[in-house]
Amino acid sequence: MQYAPELTPRLEWAKLVPDVYKAMIRLDTAARQGLDPTLYELVKIRASQINHCAFCIDMHTKDALAAGESVERIVQLSAWEESRHFYTEKELAALELTEAVTVLTDGFVPDEVYERAARHFEETELAQLLAAITVINAWNRFGVTCRMTPGHYQPGQYK
Amino acid sequence: MTARTTYLDAGLREAMRALSAAAKQGLGDPALAELVQIRASQINHCAFCLDMHLALARKHGVSERQLDLLAAWEEAEELFDERERAALALTEAVTVLTDGFVPDEVYERAARHFEVTELAHLIALITVINSWNRLMVSRRIPPGSVEW
């Protein structure tokens with residue numbers, strides 16, 4: 001089978017602007033404090049799916065699998081509303097919030113979505129979740145705009 | 001309207017500020033930086049960010065005419081030069097990622113007007129205002145609020 005050729009990145013941004021890259025790493029480290037790593041990977045995968053970031057999907061599905069996440073839960077993630085029994089109520093609230101914060105252009109973050117999340121996360125944890133959703137959205141923007149190439153990530157590569 | 005929460009981790013706040021500062025400094029064009037940040041905040045409906053960046057734009061000498069017509073910059077050719085237009089087109093594409101990718105023509109147009117390091121900082125700036133927009137809209141920080 002002959003696959004299509006691999007695209008090359010548009011811009012090696014991390015090498016070109018190391019000050020920006022370092023700030024992104026600091027941001028990522030700050031956002032993950034106090035969040036359950038399993039939940040964090042689900043959030044990262046779902047936001048990356050919505051933003052169509054191929055590099056980020058490659059990285060976070062591999063990281064999730066390496067951390068022991070099930071193939072089933074990863075595969076079902078893009079249809080989580082119809083496969084709720086694969087996830088906890090807390091995870092579902094976080095996924096719903098992830099979608100609302102990611103698709104801001106469609107209008108705000110609805111009260112019912114925020115309040116549902118607020119019932120499962122106490123205030124500081126919820127603020128960390130919002131930060132985490134924001135940060136994966138930022139990585140997605142670099143990944144898509146600079147056309148970072150998926151497929152070569154090895155779990156733990158950047159740790 | 002009151003904020004849903006004003007809590008934001010101190011380390012995160014610092015990192016966001018560092019990212020903003022690096023992006024703006026690297027772009028080296030404060031008036032253009034404000035146009036970009038206002039346009040993204042319009043698309044993301046961030047009242048707090050609009051209020052803040054409209055004030056900053058005026059401070060940096062952006063004209064009222066440009067601010068009035070920024071939301072329709074494509075139809076106001078005489079008000080925005082080619083470099084500004086390329087930056088605004090990129091801003092829209094990177095902000096509305098959910099509609100699919102950043103088209104080659106938009107990226108290449110920006111690459112003709114910005115050298116690579118400037119372009120990387122411009123992308124960083126668009127990304128960082130998108131991040132502030134998310135942090136402010138999701139926590140519903142009111143415009144003009146001193147606590148955020």
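This is a predicted model: local features need pLDDT of at least 70, side-chain atom pairs count only at pLDDT 80 or more; totals for chains, interfaces and linings use all residues.
## How the terms apply to chains A and B

Visitor: Leaving aside its neighbours within four places in sequence, which residues is A:A100 in contact with, and what makes a pair a contact?
Guide: With those neighbours left aside, A:A100 is in contact with A:V109, A:P110 and A:V113, where a contact means two residues whose C-beta atoms, placed from the backbone, lie within 7 Å. Residues are numbered from 1 along each chain as its sequence is written, while chains are lettered from A and ligands numbered from 1 in the order in which they are written.

Visitor: Why does A:A100 count as buried?
Guide: A residue is buried if 20 or more other C-beta atoms lie within 10 Å of its own, exposed if 12 or fewer, and partly exposed in between; A:A100 has 21 such neighbours, and therefore counts as buried. A:A100 is found in helix 6 (residues 89-102) of chain A, a helix being a DSSP run of H or I with at least four residues, numbered from the N terminus (strands are E runs of at least two).

Visitor: Why is helix 7 of chain B called largely enclosed?
Guide: Because 20 of its 23 residues are buried, helix 7 of chain B is largely enclosed by the rest of the structure. Helix 7 covers residues 116-138 and reaches 33 Å from its first C-alpha to its last, close to the 33 Å expected. Just after helix 7 of chain B, B:R140 takes a positive phi of about 50°.

Visitor: What makes a set of residues a nonpolar core, and how many residues has the largest one?
Guide: Such a core is a set of buried Ala, Val, Leu, Ile, Met, Phe, Trp, Tyr and Cys residues joined through C-beta atoms within 7 Å. The largest has 95 residues, and those with the most contacts inside it include A:L27, B:L19 and B:L125. Leaving aside neighbours within four places in sequence, B:L125 is in contact with B:A23, B:K24, B:L27, B:A33 and B:V36.

Visitor: How many residues of chain A are in contact with chain B, and which element gives the largest share?
Guide: 42 residues of chain A are in contact with 42 residues of chain B. On the side of chain A that touches chain B, the largest share, 16 residues, comes from helix 8 of chain A.

Visitor: How do you know what confidence the predictor places in the chains and the complex?
Guide: Chain A averages a pLDDT of 95, with 99% of the residues scoring at least 70, and chain B averages 96, with 100% scoring at least 70. The predictor gives the complex an ipTM of 0.95 and a pTM of 0.96.

Methods
The expected span of a helix is 1.5 Å times one less than its number of residues. pLDDT is the predictor's confidence in each residue, from 0 to 100.
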